[in-house]
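Subject: Structure handover and notes

Dear colleague,

Please read the notes with the structure open beside them.

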Amino acid sequence: MKPRKSTKRVPSFRKLLKTSKIKLNNKLKNKQFKQQSTAKKYRKEQRKLRQAVKDVVSKTPVPLEVYKKKPSESEEEDALPLDMMDEDDLKLMEDLAQKASFVTRDLSSSEPVHAKKRKNESVIEKYEKIPRRMQAEPAKELIHLLPIKDKCGIIPQTMEKPVVKAEEDEKEEDIEEETEVAQALEEPLPVLTAEELLVYRKKKLQEKKIQIAALASTILSDPENNIKKLKELRALLTEQDPNVAVIVRKLVMISLMEIFKDITPSYKIRPLTEKEKNTKVRKETQKLREFEEGLVSQYKFYLENLEQSVKDWKQRKLKKSNVISLKAYKGLAEIAVKCLCELLVALPHFNFHNNIIVLIVPLMNDASKRISEMCCVAVESLFKQDKLGFASLGVVKVISGLVKSRNYDVRPEVLMTLLHLRIKEVEVKKDAEDIAPKKKFMSYKDKRKNLSRMQRKWKKAEEKLERELLEADALESTERKLKLHTETLNIVFLTYFRILKKAQKSPLLPAVLEGLAKFSHLINLEFFDDLLLVLHSLTESGVLSHRESLHCILSAFYILSGQGDVLNIDPLKFYTHLYKTLFTLHAGASNEDVAIVLQCLEVMLTKRRKQVSQQRALAFIKRLSILALHVLPNSSISILATNRTLMHTFPKADLLLDNESQGSGLYLPELEEPEYCNAQNTALWELHTLRRHYHPVVQKFAAHLLAGAPLEGSEALRPELSRRLPTELFEVYSMKGMTFNPCVASVTPKKKGKCLQGESFLDEDLNKLFQIHLGKAAVQGVLDFAKHLKAAPVS
């Protein structure tokens, strides 16, 4: 048989050349790796040797004790006459002197006793004798050139490349030595006087201000192209000159805050995916992506700098450089908190907003009153302007966690901010939208059954267009708003109920009761019974102050006036408690509780007039008339306005204007039960006393009520008095923030101490009021004195 021919092809020259190049590259890489490893070992040995030499030189022998020098031979001869000793004894002493012993050796030396072999051997020589591997001469690297083609074939061409020695450590040592020599030879700077230091500081500060302004204007002029300038401006936050460091850092913080507020887009920037990064896009799109990426990174670093400023102040830690004193930390922290508050309110839609919330909310409970007020005001502003409710939900979550983690030991102002939530308005819109019919699309079965084929096509196109129009609508979805507000309200009520259950003696209770009074109409009906029991137990406990008990009553009736009107509940205990509390109101300057009483009366008597008996209404009218005798004028006016409203609401209340008794029994003013005090058997004699009141508006209200509160006629009130609510009258006639102006003899609001000539706060009745207080003669004397002065009006 013939041998079978091999089918294996002979590799071509190109393939052989290709494989040889791979092998050459591998060999070259191996050689380079060996060179680097040997150089690394050599540098390590040299570093150890240098460190050992430094240790030996630094450790100089320290003598144990200081001994006197050994006496010379002449001194020894004087001290010890050797003529008296034998030759044998003298020889023995010399032999002993040559041997080392504890008695004869010099204690000032630190050598060991038996060190003959190592006596003259130094430490440097010991390290020199250690065998070490020196660095071999590095192999030369080959550079592959273009091959040459000859008759014999292709000839590869190479060239030797000289290997650069690694001298990193030597360069570092040279630099260190040069700096040490320079520091040693450097002369001390001349000491500046106080004036020269002030001039230098002013000049330096002016240069920094110009630099900050130039960078800021460059960024604002073209943010997309100059986004890298943000890094240069942010670098000034680490200013190291102790003369201007504090002021420069404050200016940079505020400048960056204003820049971010201006150049930040109105949407949240999300990170790009790997697929998006690898996709080719247009130049404009790529430029926009680079701008957004740089903006987000610089904004993140800026927030970290602000956070670090606050942490440095909290921890009271000095930096190693000692550029900023410990006292300056508080000023920097206040500016940092102010910038964070501004960004919290201005950029609720941008990145890292939740991180700002986590920083700001704990500072609402800070010991510093200024920082706490700044944070509370910022959160209130955020609640007021948040229409959708997403940012409010984040803040409420953090506040709830803060209250729980601090075991309810927080400032009341933290919970007072929750009163500014915009939940009530959205719930009203939701009710109106539920009534309107919603757009419904036909199902496939209805179309198949009722429409022809052509009609189905037209209907499909029409519905597609309507869906696109709904998606293009710029308004936020009402369902999404409702969902967010519902979740927010659940967290708020959870916080309130925890405090009512576990911390009834906490100073947070007034804020909780005010919150319940505002949002109680949104509480689920299932919790009404338990909540009313808790509120009643609080009012009867006697632990609460008068203001807190009034908030309890107001909360209970707000609950019953909302969804609770469907419940068949008679809150007689709350009526009794309010009736009893009326005489405990403050009659002096701190009469703010009257405003809460007016709100309670409006909810309890006016809005629930169908559930209120005539006896209860007469008892309240009588007690309010008694109360109007000993309170301030603004309180008297508002109380008489409330009585006017009650007399219109309950027409049979005019029997209190009659002297004849109606029925059996006597009026019992000290009885605490309004139903059984026999108020129908008394009269409103207090109105006759109030007609002689020194305040003219009180006189008008008293005369108006004595006439039966008519709507027309001579005894009717002017429109500016009759159309205002009692709470409005209480605020209008309040004496806070007002001053007496002798130029016009009337009450005017305080405006920076200037005399408001020709301006009166209300009307001529208040002029009469001050004439009664000061006397007509005194007022006339002041006016005459002002006429004689031919200068500016009296301020």
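The largest cavity is lined by Phe383, Asp386, Gly389, Ser392, Leu421, Arg422, Ile423, His485 and Thr488, where a cavity is a set of points, on a 1 Å grid over the protein atoms alone, at which a 1.4 Å probe fits but cannot get out, and lining residues have an atom within 4 Å of a point. By class, this lining has 3 nonpolar, 4 polar and 2 charged residues (Ala, Val, Leu, Ile, Met, Phe, Trp, Tyr, Cys and Pro count as nonpolar, Asp, Glu, Lys and Arg as charged, and the others, Gly among them, as polar). The largest cavity holds about 50 Å³ of space, and the structure has 3 cavities of 30 Å³ or more, a volume being the space filled by probe spheres set on grid points that are joined across faces, edges and corners.

Please keep in mind that this is a predicted model, in which local features need pLDDT of at least 70 and side-chain atom pairs count only at pLDDT 80 or more, while totals for chains, interfaces and linings use all residues. Residues are numbered from 1 along each chain as its sequence is written, and side-chain values use heavy atoms, with hydrogens and water left out.

Turning to the helices (DSSP runs of H or I with at least four residues, numbered from the N terminus), H14 (residues 390–405) and H19 (residues 478–502) pack at an angle of about 20°, with their axes 9 Å apart; axes are lines fitted to C-alpha atoms over the stretch in contact, and angles run from 0 to 180 degrees between N-to-C directions. H14 and H19 are therefore roughly parallel to each other (angles under 35 degrees count as roughly parallel, over 145 as roughly antiparallel, 65 to 115 as roughly perpendicular and the rest as oblique). Contact, meaning heavy atoms within 4.5 Å, involves Phe390, Leu393 and Val396 among others in H14, and residues including Leu484, Glu487 and Thr488 in H19. By class, the contact of H14 with H19 has 8 nonpolar, 3 polar and 4 charged residues.

H14 also packs with H12 (residues 353–363), at an angle of about 40° and with the axes 10 Å apart, which makes H12 oblique to H14. Here His353, Ile357, Val361 and Pro362 in H12 meet Ala391, Gly394, Val395, Val398, Ile399 and Leu402 in H14, a contact with 8 nonpolar, 2 polar and no charged residues.

Finally, H21 (residues 528–541) and H22 (residues 546–561) pack at about 160°, with their axes 9 Å apart, and are therefore roughly antiparallel to each other.

With best wishes

Technical notes. Helices (H or I, at least four residues) and strands (E, at least two) are DSSP runs, numbered from the N terminus. On a 1 Å grid over the protein atoms alone, a cavity is a set of points where a 1.4 Å probe fits but cannot get out, and a pocket is an open set with protein on both sides within 12 Å along at least five of seven lines; lining residues have an atom within 4 Å of a point.
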